[in-house]
Number of protein chains: 2
Amino acid sequence: MLATHPLEARSYLQTAREAPKIAPTTSLDDRLAQGTLRRIEAKEHVYCEGDPRTHVFQVEQGVIAVYKTLVDGRRQIIDFAYPGDLIGLGVLREHVLSAQAVCTSKVRCLSAATLERAAESDANLAIKLYRAVCQELAATRHLLVTVGQRSAAERLASFLLTLHRRLGGPSNMTVDLAMRRSDIADLLGLTIETVSRTIAKLRSMGIIEVEHGGTKVHIRDFDRLEELASG
Amino acid sequence: MLATHPLEARSYLQTAREAPKIAPTTSLDDRLAQGTLRRIEAKEHVYCEGDPRTHVFQVEQGVIAVYKTLVDGRRQIIDFAYPGDLIGLGVLREHVLSAQAVCTSKVRCLSAATLERAAESDANLAIKLYRAVCQELAATRHLLVTVGQRSAAERLASFLLTLHRRLGGPSNMTVDLAMRRSDIADLLGLTIETVSRTIAKLRSMGIIEVEHGGTKVHIRDFDRLEELASG
DNA sequence: CGAATGATTGACCCCCTTCAAAAGCGGTGG
DNA sequence: CCACCGCTTTTGAAGGGGGTCAATCATTCG
């Protein structure tokens, strides 16, 4: 059967002759490696709500905040994307969320149309996308539980532990808060004042220690932090 | 709430010769049609957190609440799954959430291992799973924004509109609340008392009308309800 | 009917928000 | 070097939205 899509035709021809640039079963990472690298300054947007969804991005360096704003300006951060994370996946032609760099970052850009068309004939790739979205779904659900059910202190504890799991290994007890208090507040459904006060409270309880002008948090009592986060 | 996509043409194998039980490219719907139908009584569980993830389910009838419980009993409902929605997808071998019937329901059961192994060699199927999870991710994000940023009245309005979009067509202004107040509360991160009071408030504002002993809601002023939900 | 379950309503209180001010913390330039 | 400025964070005081506790009402079902 002849391939009908442009990309498939290309891959098919390439496989038959020369070494293909994009083989029928290249991995997601192979494809991403081919994307161009883009540098994003702090507070610059990777994409905005309403933009045509032309690309999918993989964070290489830095932190990207993915968020939704309401008409009156209220903002809910859905996720902080760290190196390795994919952002911009979806089924719609336009972005429903915005993505903004928390600090100077680098992202690899990959054509969404190409990627998703390729996935239509490459089960391996499609499965990878499926798994990536499943991971993201799990993270979003976790945040939903935190925001829907937990107190301010519990939310902060949960947030710090998530950062710790994602950044430092089990031994590294210091996590770097690249984001501002307002970002943490908008992630956890709190105000900056409450975030600040709650951090102070955790500090006074001897659970954490704040360094470097409030940008680094050292976990002093990991067990109590976990207890707080789960309760 | 993984909505499946429209049934596509049957695989060429099936059209060309006999119908195989599971052709290399059967659609998700074909596969689901082969699953056994299981009746679930109200309050009965489809699966529980910690159970081995042996099956994926598609709701055929009724409503299934997918939720997570904290150690102290607090509960966050992640989603109400309605007919057509898929539940139980994921990458882990065990369930991380629980699923419980809100009212007497019917679900179609499909072996998770079989489905996911089939997806590894069937791009078409894998893409369908990918899209289904994307849909669910979008819905979960929407709920997260609601719970993280909106007031009680706004949450209720958002909830009612979501139900309306899902159940009644644009013309049907009456939505059936199959679930109890406690379910709505646990979905929206409120208490049953607040849900009750807020419904009363919307009623006194002339936006909704409650019928059938509190189980049905008639939307009297759709525009004001939308205004509330988006604000 | 009477018991059980769920929904509503009331009174009180607390956690978090809001409003306001002060204090850090870099940068820039005189 | 330090004064100044903008930005962010911290801290304080006051108020409110929703939680908690408790009583009443409604509905269903044995």
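Two strands pair if DSSP finds at least two bridges between them. In this predicted model, strand E10 (residues 208–211) and strand E11 (residues 216–219) of chain A are joined by four bridges and run antiparallel.

**Chain A overall**

- Chain A contains eight helices and 11 strands.
- Among the 231 residues of chain A, 39% count as buried.
- Of the contacts in chain A with a separation of 6 or more, 69% are between residues 24 or more positions apart.

**The hairpin of E10(A) and E11(A)**

- Within this antiparallel pair, A:Val210 stands opposite A:Val217 of E11(A).
- Four residues lie between the two strands of the hairpin, and A:His212 has a positive phi near 55° there.

**The four-stranded sheet of chain A**

- An open sheet is formed by four strands of chain A in the order E2-E7-E4-E5, with antiparallel pairing.
- Strand E2 (45–47) and E5 of chain A each have a single partner strand and stand at the edges, so one side of each has no neighbour in the sheet.
- On average, and with direction ignored, neighbouring strands of this sheet are turned by 30° against each other.
- Strand E4 (residues 64–69) of chain A runs antiparallel to E5(A), and six bridges join the two.
- Within this pair, A:Val66 has A:Asp79 of E5(A) as its bridge partner.
- A helix of the other protein chain, H4 (residues 123–149) of chain B, packs on the sheet and touches E4 and E5 of chain A. The direction of this helix makes about 125° with that of E5(A).

**Packing of H5(A) with H7(A)**

- Helix H5 (residues 152–166) of chain A packs with H7(A) at an angle of about 80°, and their axes are 10 Å apart.
- Because angles of 65 to 115 degrees count as roughly perpendicular, H5(A) is described as roughly perpendicular to H7(A).
- H5(A) contributes A:Ala152, A:Ala153 and A:Leu156 to the contact, while H7(A) contributes A:Thr194, A:Val195, A:Thr198, A:Ile199, A:Lys201 and A:Leu202.
- By class, six residues of this contact are nonpolar, two are polar and one is charged.

**Contact between chains A and B**

- The contact involves 38 residues of chain A and 38 residues of chain B.
- On the side of chain A that touches chain B, strand E5 (75–81) and helix H4 (123–149) each supply at least two residues.
- H4(A) gives the largest share of that side, 20 residues.
- The side of chain A that touches chain B consists of 20 nonpolar, 10 polar and eight charged residues.

**Surroundings of DNA strand C**

- There are 18 residues around DNA strand C, of which A:Ser151, A:Ala152, A:Thr194, B:Arg180 and B:Ser196 come nearest.
- Two or more residues of this surface come from each of helix H7 (192–204) of chain A, helix H6 (181–188) of chain B and helix H7 (192–204) of chain B.
- H7(B) provides the largest share of the surface near DNA strand C, with six residues.
- The surface near DNA strand C has six nonpolar, seven polar and five charged residues.

**Surroundings of DNA strand D**

- DNA strand D is surrounded by 18 residues, the closest being A:Arg180, A:Arg181, A:Ser196, B:Ser151 and B:Thr194.

**Residues with positive phi in loops**

- A:Lys43 is not a glycine, yet its phi is positive, near 75°.
- A:Lys43 lies in the loop between strand E1 (36–40) and E2 of chain A.
- A:Lys43 counts as exposed because it has 11 C-beta neighbours inside 10 Å, and a residue is exposed if the number is 12 or fewer.
- B:Lys43, also not a glycine, has a positive phi of about 75°.
- B:Lys43 is placed in the loop between strand E2 (36–40) and strand E3 (45–47) of chain B.
- With 11 C-beta neighbours inside 10 Å, B:Lys43 counts as exposed.

Terms used
Residues are numbered from 1 along each chain as its sequence is written. Chains are lettered from A and ligands numbered from 1 in the order in which they are written. This is a predicted model: local features need pLDDT of at least 70, side-chain atom pairs count only at pLDDT 80 or more; totals for chains, interfaces and linings use all residues. Two residues are in contact if their C-beta atoms, placed from the backbone, lie within 7 Å. Ala, Val, Leu, Ile, Met, Phe, Trp, Tyr, Cys and Pro count as nonpolar, Asp, Glu, Lys and Arg as charged, and the others, Gly among them, as polar. A residue is near a molecule or strand if its C-beta atom, placed from the backbone, lies within 6 Å of it. A residue is buried if 20 or more other C-beta atoms lie within 10 Å of its own, exposed if 12 or fewer, and partly exposed in between; C-beta atoms are placed from the backbone. Axes are lines fitted to C-alpha atoms, for helices over the stretch in contact, and angles run from 0 to 180 degrees between N-to-C directions. Angles under 35 degrees count as roughly parallel, over 145 as roughly antiparallel, 65 to 115 as roughly perpendicular and the rest as oblique.
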